[in-house]
Amino acid sequence: MSVLIVGSTALDSIKTPKAFNPKLLGGSASHAGVAASFFTDVNLVGVVGDDFPRKYTALYQQHGLDLAGLQVKPGKTFHWSGEYEINMNRRRTLATELGVFETFSPELPEAYRTTPFVLLANIAPALQHHVLDQMKKPKFVAADTMDLWLNIAMPDLLRLLKRVDLFVLNDSEAQQLVKEDNVVAALPKLHKLGPKYVIIKKGEHGSILSGPSGLFIAPAYPLKKVVDPTGAGDSFVGGLMGYLAGSKGPIETNLRRAMIYGSVTASFCCEGFGLTRTTKTSRADIEKRVKELLRISCV
Ligand code: AMP
């Protein structure tokens, strides 16, 4: 089955202690879309300006992303720039230039409205709602978010959580949302807000799922060297949703394995700037790392 992914389609300028790379292909929907494309068909929903490089459209196409839902508007593509410290877990946003994103309203092509799996990647909760309003009975809906929306759009986010099956967030966002430092204690509080499944991401320490059959812990793939972690969270949830959509059988059963696939897809993302490493990865590379991750994490 296919997956619809809405989120930001951006140009990212990324500074690490070792290098600076301007105007790379980025955005939550780009990372999640390419990650999901290893496992299933992807309908991409986003907006870019008329400055969006053709080579990036070509990259989407090489990964088989359906672009009927990608609007091209006069003006500038959303531009985000960030800087990492020597400890790559610490990042600060240097600039966010909204460009065509400022007036973006995601309008779904008719053919997208029956897509069974929906990933509301990081984007304003009001836009996530607008996409859901256009969907006809999706089978499974997941939502991601970021601290910005907790700060400026909490009522919309809380309303959204009543409409999704899976909510994915990182540990600091969980702490901010339910005022609980301990992730295990935060999980029941997050379920109370609506979602049947909750995943808390903990960066290099993996992720934890809570659902009707209890907890599941997925490790991160151990990397010797992280080049640029931008988009790792989006790649995780994109890989996870792509794998789920592309698998037969009950979601409850597939979700655990989907997290392992998400972890591995995210590991490739961290090994290069922007999407450079992920776009050179193959399904066979992913399968190899999945086997390895299972071997080193199970008794
Ligand atoms: P992550 O590293 O998983 O937090 O995701 C980083 C991606 O989020 C980058 O590619 C950015 O383009 C994108 N991003 C940054 N700020 C925003 C925002 N306000 N809304 C949507 N996407 C954003």
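1. Start with the elements around the ligand. Strand E2 (10-15), helix H4 (147-152) and helix H8 (232-245) each give the ligand shell at least two residues. Keep in mind that this is a predicted model.

2. Which of these elements supplies the largest share of the shell? H8 does, with three residues.

3. Now take the shell as a whole. The ligand is surrounded by 19 residues. Ser8, Asp12, Gly27, Gly231 and Asp234 are the closest. Sorted by class, the shell holds eight nonpolar residues, eight polar ones and three charged ones.

4. Look next at single atom pairs. At serine 8, a side-chain N or O atom is 2.8 Å from a nitrogen atom of the ligand. At aspartate 234, a polar side-chain atom lies 2.8 Å from a ligand oxygen atom. On its own, the ligand has 510 Å² of accessible area, and the protein covers 88% of that.

5. Back to H8, this time with a helix partner. Helix H1 spans residues 28-36. The axes of H1 and H8 come within 7 Å of each other and cross at roughly 40°. Angles under 35 degrees would count as roughly parallel, and 65 to 115 as roughly perpendicular. H1 and H8 are therefore oblique to each other. Their crossing is right-handed.

6. Helix H6 covers residues 171-178, and helix H7 covers residues 183-192. Their axes come within 10 Å and cross at roughly 55°. That angle makes H6 oblique to H7. Which hand does the crossing of H6 and H7 have, left or right? H6 passes H7 in a left-handed crossing.

Technical notes: Residues numbered from 1 in each chain as written. Predicted model: local features only at pLDDT ≥ 70, side-chain atom pairs only at ≥ 80, totals over all residues. Heavy atoms only, no water. Near = heavy atom within 4 Å. Polar contact = N/O pair within 3.5 Å; in protein donor to acceptor, adjacent residues only side chain to side chain. Areas by Shrake-Rupley, 256 points an atom, 1.4 Å probe, with all protein chains shown as cover. Helix = DSSP H or I, 4+ residues; strand = E, 2+ residues; numbered from the N terminus. Nonpolar A, V, L, I, M, F, W, Y, C, P; charged D, E, K, R; others polar. Axes fitted to C-alpha atoms, helices over the stretch in contact; angles between N-to-C directions. Parallel < 35°, antiparallel > 145°, perpendicular 65-115°, else oblique. Left-handed = near helix turned anticlockwise from the far one by under 90°.
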